Amino acid sequence: MKILIALAAALTVAAATPAQAAAPAALAAPDISVANVKAHLAQFQSIANANGGNRAHGRPGYRASVNWVKSKLDEAGFTTRVHSFTYGGATGYNLIADYPGGDANNVVMLGGHLDSVPGGPGINDNGTGSASILEVALQMKATGFRPTKHVRFGWWGAEERGLIGSSAYVNSLTRTEKSKIKTYLNFDMTGSPNPGYFVYDAVEGDFPAGSLALQQRLEADFAARNIPTELINVGNRSDHRAFMAAGIPVGGTFTGAEKIKTAAQAAKWGGTAGQAFDRCYHNSCDTTSNINDTALDRNADVIASTLWAVAA
Ligand code: DTR
Ligand code: ZN
Ligand code: ZN
């Protein structure tokens, strides 16, 4: 009897049309493990602890951060390169990582700054964005995701000095290279201890055409998880700016920094009204204890679901 079942199964496979056999089913985005993201944050904390308490531009803790993230991506088969620049008398470094495959003329890019301020380890700002896109990148490989578009990641240096690294990267691209980047998604502070759930406002921000669709995709992915969001006009306050200035559609999420959570926001999101979203913003207390796990997890899941949708 077993022989008949095996034979039937073999014939079933054989009956699949070549197209069916070749085309992988559309893969659902994975649920990102917040434990894995927190393990990356613990690594950033260890690096800061071993290097004067920070991961700032021009300091050893920053280069050590770049080296570690690069090692994880090299292990996973990404094509990585370190793009160096100078600022304030010091050498800065961007880490660029390309996922093999996809249409090289249609690039989806995700990024976040890897540097901290000199006064602390920068775990929420911006270890959270850096660790989250790292884990999403690793899960692309782990799940065998085969996007039709080409996916690239960027970890930026010297954001805290004025968006220096991301500007240096975009300025280093030829017009043709810029034209191939169709989407840039920025993640800077995604685990604030008294979190809000903000999506970059494409209209208020006067973002390039195509950005509203990214905003709406991010909003929809939070809504699908029953998480209410607010739009935020981020101005020039993070690394989306250089891409926006180049006419590239941009978007992003944010859980809040120095501003105070209102009573209405606390009613919607929980947390503490009358208190900053992140009381340790740009402070030495921005450590691994300065994280809200739920906000970190939810943003990482939305980053993954948005990437899988946009790059499919
Ligand atoms: N400039 C970021 C923190 C920051 C403040 N407001 C926003 C709005 C959107 C993204 C980031 C931010 C920093 O200090 O790194
Ligand atoms: Zn900052
Ligand atoms: Zn930041």
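D125 bridges two zinc ions, ligand 2 and ligand 3, which lie 3.6 Å apart. The model is a predicted one. D125 sits in helix α5, residues 123–143, while H282 is in the loop between α10 (263–269) and α11 (293–311), so the pair ties together parts that are 157 residues apart in sequence.

**The two zinc sites**

Take the zinc ion (ligand 2) to begin with. D125 (OD), E160 (OE), E160 (OE) and H282 (NE2) coordinate the zinc ion (ligand 2), at 1.9 to 2.5 Å. Along the chain, its donor residues are spaced D-x34-E-x121-H. Why is the arrangement around the zinc ion (ligand 2) irregular? Its six donor atoms subtend angles of 56 to 150 degrees, which makes it so. For six octahedral donors, the ideal angles are 90 or 180 degrees.

Now the zinc ion (ligand 3). H113 (NE2), D125 (OD), D188 (OD) and D188 (OD) coordinate the zinc ion (ligand 3), at 1.9 to 2.6 Å. The spacing of these donors is H-x11-D-x62-D. Here D125 in helix α5 is paired with D188, in the loop between β5 (181–187) and β6 (198–200), so parts 63 residues apart in sequence are tied together.

H282 is partly exposed, with a relative accessible area of 35%. The helix that holds D125 is itself covered: 18 of the 21 residues of α5 are buried, so α5 is largely enclosed by the rest of the structure. Just after α5, G144 takes a positive phi of about 70 degrees.

**Ligand 1**

Ligand 1 is surrounded by 13 residues. The closest are D125, E159, R237, Y281 and H282. D125 and H282 also coordinate the zinc ion (ligand 2). The table gives distances from an oxygen atom of ligand 1 to an N or O atom in a side chain.

| Side chain | Distance to an oxygen atom of ligand 1 |
|---|---|
| H113 | 3.1 Å |
| D125 | 3.0 Å |
| E159 | 2.9 Å |

How much of ligand 1 does the protein cover? On its own, ligand 1 has 360 Å² of accessible area, and the protein covers 94% of it.

**Aromatic pairs**

The structure has 15 aromatic pairs. One of them joins F44 and W68: the ring centres are 5.7 Å apart and the planes stand at 80 degrees, so the pair is edge-to-face. This pair links distant parts of the chain, with F44 in helix α3 and W68 in helix α4 (residues 60–75), 24 residues apart. F44 and W68 are buried.

Another pair is F198 with F254. Their ring centres are 6.1 Å apart and their planes are at 40 degrees, so the pair is tilted. F198 belongs to strand β6 and F254 to strand β8 (residues 250–254), 56 residues apart. F198 is buried, with a relative accessible area of 6%. F254 is buried too, at 16%. Which aromatic cluster includes F198 and F254? It is formed by Y197, F198, F222, F254, W269 and F277.

**A look at Q43**

Helix α3, residues 34–49, also contains Q43. Q43 is partly exposed, because its relative accessible area is 29%. The C-alpha atoms of Q43 and W68 are separated by 8.6 Å, and the two residues are 25 residues apart along the chain.

Terms used: Residues are numbered from 1 along each chain as its sequence is written. Chains are lettered from A and ligands numbered from 1 in the order in which they are written. Side-chain values use heavy atoms; hydrogens and water are left out. Helices (H or I, at least four residues) and strands (E, at least two) are DSSP runs, numbered from the N terminus. Buried means under 20% relative accessible area, exposed over 50%, partly exposed in between (1.4 Å probe, protein chains only). Donors are N, O and S atoms within 2.8 Å of the metal (3.2 Å for Na, K and Ca); water is not among the atoms, so sites may look incomplete. Four donors count as tetrahedral if all angles lie between 85 and 135 degrees; four count as square planar and six as octahedral if opposite donors are over 155 degrees apart and all others between 65 and 115; anything else is irregular. A residue is near a molecule or strand if one of its heavy atoms lies within 4 Å of it. A polar contact is a pair of N or O atoms within 3.5 Å; within protein, one must be able to donate a hydrogen and the other to accept it, and residues adjacent in sequence count only if both atoms are side-chain atoms. Accessible areas come from the Shrake-Rupley method with a 1.4 Å probe; for residues, only the protein chains shown count as cover. Rings of Phe, Tyr and Trp (its six-membered ring) pair if their centres lie within 6.5 Å; planes under 30 degrees apart count as stacked, over 60 as edge-to-face and the rest as tilted.
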